[in-house]
Amino acid sequence: MMECDEARDLLDAYADNALELAEAARLNRHLQGCAACRAELDAIRGLGHALRAQAPYHRAPDALRQRVRAALPQVAAAPLPARPARRGGRAGGWAVQAWANLGMAVVAACALALAAGLWLQRPTAQGLLAQQIVASHVRALLSGRPVDVISTDEHTVKPWFNGRLDYAPPVVDLAPQGFALLGGRVDYVDARRVAVLIYRAGGHPIDLYLFPTTDAAAAPQTRSDDGYALATWVAGGMRYWAITDAEPAVLKRFVRGSTAASP
Ligand SMILES: [Zn+2]
């Protein structure tokens with residue numbers, strides 16, 4: 001019987017129809033009985049589809065690609081370590097998974113950065129920022145470390161950013177609106193460190209990026225594409241970006257709650 005660890009290692013090749021027939025058949029049997037691996041396969045196919053559908057038409061400028069590469073962990077560029085012997089039990093399994101996730105994150109970040117159809121067809125400032133937000137969001141999810149400080153209490157999360165950023169992000173409690181705070185992290189967007197608040201909407205995380213701006217206050221604009229819903233607005237000298245793979249209607253509710261509760 002194939003186990004999930006082995007199945008996960010083969011999913012990429014399976015999605016590319018690159019497996020030997022016998023191995024594909026074994027994996028197929030596993031997939032029939034394992035919803036988690038099926039979901040993983042769907043995610044891999046979704047990324048591939050997004051890349052194929054968008055890449056030929058919306059090529060990101062070189063500057064953006066270089067920025068995405070620069071923002072990726074250096075370790076991702078190093079060669080993958082040899083795969084440990086499968087018979088050796090689970091030892092090393094997590095390490096291999098971590099490497100696989102990093103490789104996947106690189107692919108996903110580049111794929112999504114290149115899939116520039118998300119916000120605007122032409123590379124305007126907002127369009128480029130949207131691509132970076134998507135890449136950052138996906139990178140965080142695939143890194144297995146989407147939340148740096150885990151707390152449902154805004155009074156814990158807000159001071160955590162002290163010393164990590166050159167500004168103090170407002171942290172609002174949206175639990176009454178049905179969006180529990182999960183925590184926060186610092187991410188790298190538009191060549192600077194920015195605060196990200198992570199909220200939960202049902203089973204989906206919503207990342208809220210916020211950083212100071214000189215832009216005039218602007219009402220929320222929302223957009224959804226490729227399985228992601230995005231919104232951006234300016235209030236109180238802060239530019240906000242919210243992104244989620246939840247339904248666009250859920251994001252709109254989140255944005256309404258967030259703009260109503262913000263200072
Ligand atoms: Zn499985």
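Mentor: Exposed means over 50% relative accessible area, buried under 20%, and partly exposed in between (1.4 Å probe, protein chains only). The model is predicted, so local features need pLDDT of at least 70 and side-chain atom pairs pLDDT 80 or more, while totals for chains, interfaces and linings use all residues. Residues are numbered from 1 along each chain as its sequence is written, and side-chain values use heavy atoms, without hydrogens and water.

Trainee: Which residues of H2 are exposed, and which are buried?

Mentor: Leu21, Ala22, Arg29, Gln32 and Gly33 pass the exposed cut-off. Ala24, Leu27, His30 and Leu31 are buried.

Trainee: Why do the buried residues of H2 count as lining one face?

Mentor: Viewed down the helix axis, they fall within an arc of 120°, so they line one face. The arc is taken from the directions from the axis to the C-beta atoms.

Trainee: What makes Cys4, His30, Cys34 and Cys37 the ligands of the zinc ion?

Mentor: Donors are N, O and S atoms within 2.8 Å of the metal (3.2 Å for Na, K and Ca), and water is not among the atoms, so sites may look incomplete. Here SG of Cys4, Cys34 and Cys37 and NE2 of His30 lie at 2.1 to 2.3 Å.

Trainee: Why is the site of the zinc ion called tetrahedral?

Mentor: Four donors count as tetrahedral if all angles lie between 85 and 135 degrees. The 4 donor atoms of the zinc ion give 101 to 115°, and the site is therefore tetrahedral.

Conventions:
Four donors count as tetrahedral if all angles lie between 85 and 135 degrees; four count as square planar and six as octahedral if opposite donors are over 155 degrees apart and all others between 65 and 115; anything else is irregular. Helices (H or I, at least four residues) and strands (E, at least two) are DSSP runs, numbered from the N terminus.
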